Amino acid sequence: GKYERLTLPERHAGAALPAISAVDLRSAPPERGRWLGPDLVEAVEQTLAAGEQSLLFLNRRGYAPLTLCRACGYRLECPQCDAWLVEHRFHHELRCHHCGYAGPVPTSCPYCGGEHTMVPCGPGVERIVEEVAERFPDARRAVLSSDHLAGVTAMREMIAAIKRHEVDILVGTQLVAKGHHFPNLTLVGVVDADFGLAHGDPRSSERTYQLLHQVAGRAGREDLPGRVILQTHMPDHPVVEALVDGGRDAFYAREAEMRRDAGLPPFGRLVALIVSAPTRDMTQEAARLLSLAVQRSEYISVLGPAEAPLAVIRGQHRIRFLVKASRAAPVQDFVRRWLNSVKLANQVRVSVDVDPQSFL
């Protein structure tokens, strides 16, 4: 009884909701070396012919998320993190999206010395823009990503240009997903609707649904009807089915039931602990001492230690604990007593994240 739910059953000014469809990439894949499938390409062509605007959405910055050697298989990784370097062709460099490291794109393989053997794997928004330029050379195009906009002023100018219909095809990351009103934008194509569903995060389905639902809402916001095409390898995934069928309430009810059964938020509490140190041995020893000091509790359990999904960030080796508790349990007092009972080396750091939003 603390909150009252208010429902808005219709769009503003009577605009119709866009029609959402899923394209199974297993049966209708893009051409080799391309990322836009035939259904989406045809939809963009129809939208251009009608004098309307299209949005191609991919929540992945840069040109390609991975660069590897086709001769020996060597992958370019960040020297400070357990992560691949992302090619940013617009800036002619490789970047780590976790620590900010940047370096040039090598012309030869650092491992085997092969000349011109380094190839990009997978798409980012810059690669989608490249494909758009090849497929639709006469269309006016733009990319809306934090890497391509130098501040708030540039962002405002870009949005104004889109509203004036100075852009035919917009390629964007989540920067374009919500809050923008483009009257002549009638087509939204989601290049990879599966992105975000494979993460080890209990909220991944909810977050993916929210993001795709929001980006779908950019289509057909005034008199012109809108449509949304989701490219996916999992058309039977609950997130994709809920978007296509409009079954938002059923989707959230299913998610809530799963969370309740597992004791996950908002029906339970989680606290994440990240143990980090300059060396792997030092991190493992600190995690061992903490593990031995865990006190038994009827309402609180400690999962781990386990190596973090990103095992190294900025040269720091990382191991995770996850504390799981009922809503009524004094979980913060439990964690405070636990940490105070162990003396760790000065170089060891323990970060505590109550109700964590990230599981990396």
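Helices (H or I, at least four residues) and strands (E, at least two) are DSSP runs, numbered from the N terminus. The structure is a predicted model, in which local features need pLDDT of at least 70 and side-chain atom pairs count only at pLDDT 80 or more, while totals for chains, interfaces and linings use all residues. Residues are numbered from 1 along each chain as its sequence is written, and side-chain values use heavy atoms, with hydrogens and water left out.

Two cis peptide bonds are described here. One joins P265 and P266, with omega about 10 degrees. P266 is placed in the loop between α6 and β12 (268–277). The other runs from G304 to P305, where omega is near 10 degrees. P305 belongs to strand β13 (residues 300–313).

Positive phi values were also examined. H116, a residue other than glycine, has a phi near 55 degrees. This residue sits in the loop between β6 (102–103) and β7 (118–121). Accessibility is classed by relative accessible area with a 1.4 Å probe and protein chains only: buried means under 20%, exposed over 50%, and partly exposed in between. H116 has a relative accessible area of 57% and is therefore exposed. R314, also a residue other than glycine, has a positive phi near 55 degrees. R314 is part of the loop between β13 and β14 (316–326), and its relative accessibility of 53% makes it exposed.

Helix α6 (248–262) has 15 residues, which at 1.5 Å a residue should span 21 Å; the C-alpha atoms at its ends are 21 Å apart, in agreement. The expected span is 1.5 Å times one less than the number of residues in the helix. F251, E255 and R259 are the buried residues of α6. Viewed down the axis of α6, these buried residues fall within an arc of 65 degrees, so they line one face of the helix. The arc is that of the directions from the helix axis to the C-beta atoms. Among the elements that cover the buried residues of α6 are α4 and α5. After α6 comes G263, with a positive phi near 70 degrees.

Rolling a probe the size of a water molecule over the atoms shows where empty space is left. On a 1 Å grid over the protein atoms alone, a cavity is a set of points where a 1.4 Å probe fits but cannot get out, whereas a pocket is an open set with protein on both sides within 12 Å along at least five of seven lines; lining residues have an atom within 4 Å of a point. Grid points are joined across faces, edges and corners, and a volume is the space filled by probe spheres set on the points. The second largest pocket holds about 890 Å³ of space. Its lining consists of 28 residues, with L8, R11, L17, H213 and R248 nearest the centre. Two or more lining residues come from each of β1 (19–24), α4 (204–216), α5 (238–245) and α6 (248–262). The largest contribution, four residues, is that of α4. The lining has 13 nonpolar residues (Ala, Val, Leu, Ile, Met, Phe, Trp, Tyr, Cys and Pro), eight charged residues (Asp, Glu, Lys and Arg) and seven polar residues (the others, Gly among them).

V352 lies in strand β15 (residues 349–354) and, at 42% relative accessibility, is partly exposed. Contact means heavy atoms within 4.5 Å. With neighbours within four places in sequence left aside, V352 is in contact with V271, A272, L273, V335 and L339.
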